[in-house]
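Please keep the structure open while reading.

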Amino acid sequence: MIRRGVAVLLALGLGAGVALAQTGDGSIRGYIKDEQGGVLPGVTVTAVSPEALRPATAVTDAEGYYRLVNLSPGTYVVTAELAGFATHKREGILLRAGANFQVDIQMKIGSLEETITVSGESPMIEVSKPSNVLNIQGDFQKEIPIAARKNWSDFLEMTPGVHSRPFDDGSGRMVYFGHSTEHFAHVVELEGMQAGNYNDFQLTYVQMGSDMIQDTQVKTGGVDASTPMGTGLAINVITKSGGNSFHGTSGFAYQPLKWNSDNTSAVTSFAMPTEITNALAAQGLPVQDTFESTGGTPAQNAVKQFDGSFGGPVRKDKVWFFSSLRYSNVEVPIARTANNVSNIQSFYPNTKLFNNLIEGYQPYVKVTGRMGAHELEGVFQRDRTNGESSWEYYAAPLNVYGNGGNLYMGKITSVWGQRLTTSFMAGYNDKGGSSKATYKWSRFQGTGPEIDLYSGAALSGGLIRGNNLIVQSGNRYDESELLASLIMIRGDATYFKEGWRGSHEFQTGFFIEPRNVYDVISHYVNGGFVLEDRAAIDYSNPSLGTVPFHRRYFDQTDLPTQKARDQDWGFYGQDNWKPSERLTFNVGLRADWVKRKDLLFNITREDAWTIQPRVGFSYMLTSDAKNLLRGSFVRVGEQVMGRDAITTFGGAGTATQTDIYDNNLNGIWGEPGETIVTPGSTASLASYRMDSAHNHQPYLDEYIIGFRRQFPWQSSLDVAWIKRSYHDMWATIDVNGIYPSGPNQAFGGFGLVDPNQGSVTQQTNNTWSTLEYQAIEITFAKNMSHGFQLMAGFNRQWHHMAGTWNPTDKAKFIEPNAFANDANLYMPRGDNDGNSLPDTGNALSYGPTWMKYRGNVAGVWLAPWDITVAATYTIQAGPWSGSPLYRLAANDPSIAVFGPARFTLPNGTTATNPLNTRNRYVYNDRGTGQFQSPAIHTVGLKVGKKINLGGSRQVEVAGNFLNLLNGGDFTQFSYNSAYQTWSSDFLLMRNRQQARAFQLTTVFRF
């Protein structure tokens, strides 16, 4: 396989000749003509910037065209020189990370000693690529008041097409979903190096200080072939370099709990339509006109955070260094609803409500050097963080997490004359999850099993089930170590060729991750007795106590439950063809070979190619490059990561799991039909749980048509239509059950692969349904000019699910006509559509990627007297509830149509009938009747004063008001069965927005 990969690499390298270095470097390009419009070949063009390590130089070709490539972010002066003409100097060209701007020059006859200086507005329109790209200056990001933590990823709050909410674990972090993708589907690079945590690629697990960031480039769509696989955002962070003089910063953010407000008086109320009141009455439940969420405890932050940086020359004009450090100590009161507080205090009266604690260190070092035509760079980053993430219904700080680790990277970028540039880098990171040190850091040490308390219990599918989870206490289920690492090797080259009906930038390269590791070592608590489910005897009278109805045991307490070894060998080739001054075509192909090996079961989970064509065009409607029409089609595979369903599938199955029930609550366990034994998986068993011959990376097809225009005062507008279709998402099906040939028929029992087991789940790709997304997206940006900078955006999306049911989803046989859904859809992470009539959990109400609209605006004003004023505003549609369910009476004859509740297998064990459920949809399809919560508004304000201390020394003191209006809207429906009309959590909201807070920041610069 490696020989095949090398052959493909050589074919692309020799056949196409190239690749654009994807480390955030941009370009300035254009045509140089005389006053009569004649082209001028042989003009020497030079770009100089204080932020650049060296000047960039090019010579115009026979068409008068020049290219200045591999430019780092900064403000440039471009100089054009040709004998017989006056030297032309263009100042103030602001180039952001990875941007490609067109700067045309008209030269006048004169002597070289004569200089004509032009100070026109900096270009803002990307001319050579049709991608949806946003470039955020690091200083702008630091100025805007978005969130208390001031994390590097906060800029995504202002990124069009991105929806956000607080992390759902009570830690106070933010998570981001771009164009309906999951928050761990994003590609995060640091100077072109993979910076993600292979254990879990979500953005919140990549930590870095804000002082280190010079520029951040985020591609939200229309990516070219050089961009690695990833259905989410493609983010590349460009960090600062030292320069020829020593400089640094030292800052502190302070926000005690008493500087936080309380917004729990806000009320979210839902009026009940007739269909819901009828369903309540039919179940014998009290009929309510409204359901409300209010009260409880607010979401707050106590922050003590230091940020510092220092950089300068090791050897002037040759070697620079830059370093930074962040230390954060955060306390986060958990946003509990009134129900959460009442449940905890009623059933555990001696419990004291607690806050989550988080602590992290993030050092960073970068060394940059120059050696002739080569630039060398070395980077070290560490982002280890330990924290608590206990949810609002926990009676003790049970959950603890650790994430992050070390990153090392080396890179060399070379310019080989006027036509060829190359880049090569190699890196390693060992970023993982919780470790032994994490649990040592934790303040919580529990005893006994985890105890899950439900408001009640009822028989469903032949076994007693909890109605809805109200309190979790006791102990941790397990204390697992999540170890991960990855190696990345990457090479790119670009070759410029004139002729062949225009000019071409041929590109080729490779992106290789030859060894990605994801290991989990599980330590089950309490000697293997890990879980006890209990139900309130009478939920309305907690003094009567609780009764256990389900217990779980493992026959082993310490064992490896995950041993994944993954590879991604990616190769690409593309041409950036410019047949005329105004038109550019991008045509490329990316191919990634992915192999995923499971050492635990000694099987290959996946061995397949993902072929990804990517094409686009850019057309300048006017010759001044200020009006541009663009379009693209791309196919993008899902990035290879440890949290993939195919990697995590079946991990805990190596231990035998025994579940015992007390179906009649008589205190006698293990009566006939009350014991379910799930044998530990073996290598042979695991082999037919994997569709290894067909498994491949999921992918999406995306179409974009857009228009860009630049206005005076360095402002620009982009309007785009976007369509995305998610294909072949990870999914599971039952391969052992004998399902009927149509609806309203009996289930035939088990035995297709093993008569002595119940349902046997197989991991495969979803070929039966797709997630469909369309949006209109508007972006407005204004560079810093006239003392003012602004960024704004609006996104309106439409979505639905196309296709049909999962082949073994119980809803396919019980309510086959209810498939349609255009409100809250399943998440595109996979493995979600296997049970559309669940007894408990959040399968129907958790879909944070599907938000109807979002608008945002952020601005910075450099006011007189060295005062800075910054403000932000966001509005985001509230989430949907999921399709409401009701429950049939236990003796309803329509349940028996699908067969008996239980089957006795030949070995004497019991398996439940997956079609024997009392749950039904209230409405005729899944989209109709979903509740949508109110829109979420957030306003931030910062006022700062700079005090000059002489020379380059300066102090800035600022007050930051977060959630200035103290809005109290919720961002999610309850995790515990908010879509179930019989649940005490029906339509209850959770995860309230952070309360208003004041934060004081001070920064010393020198």
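Which residues does Ser836 touch, not counting residues up to four places away in sequence? The model is a predicted one, and in it Ser836 touches Trp805, Asp809, Ala811, Tyr826, Leu844, Tyr921 and Arg926.

## Two buried serines

Ser836 belongs to the loop between H8 and strand E48 (853–863). Its relative accessibility is 1%, so Ser836 counts as buried, the cut-off being under 20%. One of its contacts is Arg926. Along the chain Ser836 and Arg926 are 90 residues apart, while their C-alpha atoms are separated by 9.5 Å.

Ser460 is part of strand E29 (residues 457–460). With 3% relative accessibility, Ser460 is also in the buried class. Leaving out residues up to four places away in sequence, Ser460 touches Arg465, Asp839, Asn916, Thr917 and Arg918.

## Aromatic pairs

How many aromatic pairs does a search of the whole structure find? The search finds 38. A pair of aromatic rings is described by the distance of the centres and the angle of the planes. For Tyr739 and Phe813 the ring centres are 5.5 Å apart and the planes stand at 25°, so this pair is stacked, a class that takes planes under 30 degrees apart. The two residues come from distant parts of the chain, 74 residues apart: Tyr739 sits in the loop between strand E44 (730–734) and strand E45 (761–765), and Phe813 in helix H8 (residues 810–814). Tyr739 is buried at 17% relative accessibility, and Phe813 is buried at 3%.

Phe931 and Phe986 make a pair with another geometry. Their ring centres lie 6.4 Å apart and their planes meet at 90°, so the pair is edge-to-face, the class for angles over 60 degrees. This pair, too, links distant parts of the chain, here 55 residues apart. Phe931 is in the loop between strand E53 (919–921) and strand E54 (936–950), whereas Phe986 is in the loop between strand E56 (970–973) and strand E57 (989–992). Both residues are buried: Phe931 has a relative accessible area of 8%, and Phe986 has a relative accessibility of 1%.

## A ring cluster and charges over rings

Ring pairs also join Phe246, Phe310, Phe321, Phe1004 and Phe1006 into a cluster.

Two arginines are placed over phenylalanine rings. Arg336 lies over the face of Phe354, 5.1 Å from the ring centre. The charged end of Arg926 sits over the ring of Phe819, at 4.9 Å from its centre. Arg926 is the residue already named as a contact of Ser836.

## Helix H3

Which residues of helix H3 are buried? In this helix (residues 274–282) they are Ile276, Thr277, Ala279 and Leu280. These residues cover an arc of only 160° around the axis, which means that they are on the same side of H3. Thr274 and Ala282 are exposed residues on the face turned away from that buried side.

The buried residues of H3 pack against two strands, E19 (290–293) and E50 (885–887). Just after the helix, Gly284 adopts a positive phi of about 75°.

## Empty spaces

Rolling a probe the size of a water molecule over the atoms shows where empty space is left. The second largest pocket has a volume of about 650 Å³. It is lined by 39 residues, and the closest to its centre are Arg54, Asn70, Leu71, Ser72 and Glu375. Strands that each supply at least two lining residues include E3 (56–59), E16 (234–239), E22 (355–371) and E23 (374–382). The largest share of this lining, 5 residues, comes from E4.

The second largest cavity has a volume of about 630 Å³. Of its 34 lining residues, Val133, Leu134, Asn135, Ser716 and Ala781 are the closest to the centre. Two or more lining residues are given by each of strand E10 (132–137), strand E15 (213–221), strand E43 (715–727), strand E46 (769–785) and strand E47 (788–803). Which element gives the most to the lining of this cavity? That element is E46, with 7 residues.

Terms used
Residues are numbered from 1 along each chain as its sequence is written. This is a predicted model: local features need pLDDT of at least 70, side-chain atom pairs count only at pLDDT 80 or more; totals for chains, interfaces and linings use all residues. Side-chain values use heavy atoms; hydrogens and water are left out. Rings of Phe, Tyr and Trp (its six-membered ring) pair if their centres lie within 6.5 Å; planes under 30 degrees apart count as stacked, over 60 as edge-to-face and the rest as tilted. Helices (H or I, at least four residues) and strands (E, at least two) are DSSP runs, numbered from the N terminus. Buried means under 20% relative accessible area, exposed over 50%, partly exposed in between (1.4 Å probe, protein chains only). A charge sits over a ring if NZ of Lys or CZ of Arg is within 6 Å of the ring centre and within 35 degrees of the ring normal. The arc is that of the directions from the helix axis to the C-beta atoms. Contact means heavy atoms within 4.5 Å. On a 1 Å grid over the protein atoms alone, a cavity is a set of points where a 1.4 Å probe fits but cannot get out, and a pocket is an open set with protein on both sides within 12 Å along at least five of seven lines; lining residues have an atom within 4 Å of a point. Grid points are joined across faces, edges and corners, and a volume is the space filled by probe spheres set on the points.
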